[in-house]
Amino acid sequence: MQIQYLLELTGTGLFAISGAIAANKKSKPDWFGVTFIGFITSIGGGSIRDILLGSYPLSWVADEKRIYVIIAGIVFTSLFFNVLLRLRKTLFIFDSLGIAMFTILGTEKALAYHVAPFIAAIMGMFSAIMGGVMRDVLTNEIPVIFRKEIYASACLAGALVYLALNTMDLSRNMCLLVSVSVIFGIRVVAVKYRLSLPQFKREKVPETDDGG
Amino acid sequence: MQIQYLLELTGTGLFAISGAIAANKKSKPDWFGVTFIGFITSIGGGSIRDILLGSYPLSWVADEKRIYVIIAGIVFTSLFFNVLLRLRKTLFIFDSLGIAMFTILGTEKALAYHVAPFIAAIMGMFSAIMGGVMRDVLTNEIPVIFRKEIYASACLAGALVYLALNTMDLSRNMCLLVSVSVIFGIRVVAVKYRLSLPQFKREKVPETDDGG
Amino acid sequence: MQIQYLLELTGTGLFAISGAIAANKKSKPDWFGVTFIGFITSIGGGSIRDILLGSYPLSWVADEKRIYVIIAGIVFTSLFFNVLLRLRKTLFIFDSLGIAMFTILGTEKALAYHVAPFIAAIMGMFSAIMGGVMRDVLTNEIPVIFRKEIYASACLAGALVYLALNTMDLSRNMCLLVSVSVIFGIRVVAVKYRLSLPQFKREKVPETDDGG
């Protein structure tokens, strides 16, 4: 439990960093704006999961340490901004690990509320992606999950793997390790080879007929 | 109750279809994006109503069948996409019926939480429109309810009719039938004759004065 | 308590007025759109605070008078639109007072839920700013809190002042008076002298190298 808590705090800080970097690209926000976006990116997904589950108190409301970690992440981003920009690839690795971990921990939390397994997988995915969705909505962009390489679907796939493993006679650590690796692996491969899901439907250009 | 549940499931599927078609118009989303938007369009309004009421568990969290219906709706949309596009008018009829039904069922649910009648009407309207509002926000559009023909106001009017009938000595079925018809009727007439509510205020162009 | 309730109702109406004026600037919304945006601007912040705290029922759900005040505010805006536009400075004063008051009352409410002081300050700030954030998201703008003069940070500062005073041996009225004045003062000075927080980071323009 102690290790899980430390991992969660680390993930919270990393999400704040990536949120702050993403926020800063847009329209020169001030310190407050960047901190606010970093905060939402970091705690948004877990908050949405908890509100949908009716799981009160929300984890950051009950534990102000998460806020301090977020603030530390923002200050760190400010101090080492150009270093962080150069470490883009390393950051991507940590971000992918964070997303993978948040998905599976979110799925576990939802299961504890006795929802159906597939609902738990959705909750796990929401934990990981909804912070980013809110960040994109607030900065007036179309959410990245609709545009980019396989991302949310990797989370969902990993959550389903976790649920499958969970029905077998395996230790929790083994289930966690495998399913986190699945998400991380899909994500890294997808970005490296620019894999994306097939487009849904191409609307046929209507036949031109006069006056139409 | 059985019939109501079947109607709700049908409405959920129809909302997913209309959400998927709307999502697909924007920036060529992939399968995941379309499914996600269809999902939000379909369960967003009811979720907002339930969160505002504090009514837990949310209906889709407690009942995964709604999720399967949504997925079926998306797959159906994919298989019969061009057919659906041609059936635009038929879809509009079903969509209007769905909106009308969700409004009144949402109003009833809110009344069960002993809120004031007018609050219940707002909750009913939210059930019907908020999924579409969230869809529009996520695809970076100004919500359709602010731009188009009488829509949300038809829901509110129908909910108020329901509340009025509810104070009389009528059967529940009669109240439902009349108020759903009111919403459906207003909506169809509004679209057919392109009726819209009056614009709020035209800001006067300020008098031009040099240097202004 | 009576006075506080009257102040809250007044603030609710004022927020609806400022929301309606802001909404009307965008794309000629109809009466419904303006009322909807006024409503969200007015009750959005408090609703987000209450949902995050799990404080049910939400105040406007439990008390329909707030809705009537909002509607009155919208009608008032319609009747006296051009007068209100000319009274921009007076409105700004009232808006700033409203924001200050909502922040501190929100902070107090959060404290009653036994959250940590810093969390309470965040909740207070959310009460004051989140309605405006939702208004901006719905009208497809980048939230004003990321762009303009010191605003949300003034709320946060005032909430922290309140918390500091609260640990001392002062009456509640004194704590309220001082902290509301702090927010109001910062806001007025910031707008008068166009003060803003420092920009977070300027991304270095990358060195141009051929083929980059």
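Trainee: How many residue pairs are in polar contact between chain A and chain B?

Mentor: A polar contact is a pair of N or O atoms within 3.5 Å; within protein, one must be able to donate a hydrogen and the other to accept it, and residues adjacent in sequence count only if both atoms are side-chain atoms. Between chain A and chain B there are 4 such residue pairs, both at pLDDT 80 or more. The model is predicted: local features need pLDDT of at least 70, side-chain atom pairs count only at pLDDT 80 or more, and totals for chains, interfaces and linings use all residues. Side-chain values use heavy atoms, without hydrogens and water, and residues are numbered from 1 along each chain as its sequence is written.

Trainee: Which elements give two or more residues to the side of chain A that touches chain B?

Mentor: Helices (H or I, at least four residues) and strands (E, at least two) are DSSP runs, numbered from the N terminus. Here the elements are α2 (31-53), α7 (117-138) and α8 (152-166) of chain A. α7(A) gives the most, with 10 residues.

Trainee: What is the area buried between chain A and chain B?

Mentor: Buried area is the accessible area (1.4 Å probe) that two parts lose on being put together, summed over both. For chain A and chain B the value is about 2900 Å², and carbon and sulfur atoms give 72% of that area.

Trainee: How many residues does the contact take from chain A and from chain B?

Mentor: Contact means heavy atoms within 4.5 Å. The contact draws 33 residues from chain A and 34 residues from chain B.

Conventions
Chains lettered and ligands numbered in written order.
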